[in-house]
Amino acid sequence: MKIFHKQNTCTIEPLKLEDYHKCSNIWNMKAQPLAEKWREEIASGNRLVFIYKINGRFIGEGALVFDAGDPDYTIPGKRVYFSRMIVKKEYRNRGIGSEILTFLIEKAKEMNYSEMTIGVDKNNENALHLYRKFGFTEVLFDGADEDGEYFKLMKRI
């Protein structure tokens, strides 16, 4: 999908496994303990990552996960998990997250999913606002784990 903003060409396109290392332009791969797990999920086809690019540069990403090993998050053929939406810090609050989310909701619909879930930290007010605005209002879980308090939210698509 191409998006044009003034003098920039913006695209959202599937991540190729051989380009996974380029995600380090968005987030610190070396500091993320799950980076290798996510690479393996991409390789197996369980994680489908889409990259938001501006003039070819990696600026943001979002992923669909088909089996998260948790029925709150995924049910085969019915419920898909929206994972790892992140936008490079200096590009935040410009609507890029909304564009990624809109794109992935449409992609999930095309794949015949009827529900989409997300996990979000309770203290991440910006993300909570965005997700609620997009209809992620059904609370499947309200609790905590070793990383802190969070919600599992669902939207029918």
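A: Happy to! Keep in mind that this is a predicted model.

Q: How does one find where empty space is left?

A: The general idea is to roll a probe the size of a water molecule over the atoms, which shows where space remains empty. Here, the largest pocket comes out with a volume of about 1,500 Å³. Its lining counts 42 residues, and the closest to the centre are Arg84, Met85, Gly119, Asn124 and Tyr131.

Q: Which element gives the most to the lining of the largest pocket?

A: That would be β5, with seven residues. At least two lining residues also come from each of α1 (35-44), α2 (96-110), β6 (115-121), α3 (125-133) and β8 (148-156), while β5 itself spans 79-87.

Q: And how many cavities of 30 Å³ or more does the structure hold?

A: A cavity is a space where the probe fits but cannot get out, whereas a pocket is open. The structure holds one cavity of 30 Å³ or more, and the largest cavity contains about 40 Å³ of space.

Q: Which residues line the largest cavity?

A: They are Tyr20, Trp27, Trp38, Ile42, Arg47, Val49, Glu61, Ala63 and Arg84. By class, this lining has six nonpolar and three charged residues, with no polar ones. As for elements, α1, β3 (47-54) and β4 (57-65) each supply at least two of the lining residues. Notice Arg84: this residue lines the largest cavity and is also among those closest to the centre of the largest pocket.

Methods. Residues numbered from 1 in each chain as written. Predicted model: local features only at pLDDT ≥ 70, side-chain atom pairs only at ≥ 80, totals over all residues. Heavy atoms only, no water. 1 Å grid on protein atoms, 1.4 Å probe; cavity = no way out; pocket = protein on both sides within 12 Å on 5 of 7 lines; lining within 4 Å. Points joined across faces, edges and corners; volume = space filled by probe spheres on them. Helix = DSSP H or I, 4+ residues; strand = E, 2+ residues; numbered from the N terminus. Nonpolar A, V, L, I, M, F, W, Y, C, P; charged D, E, K, R; others polar.
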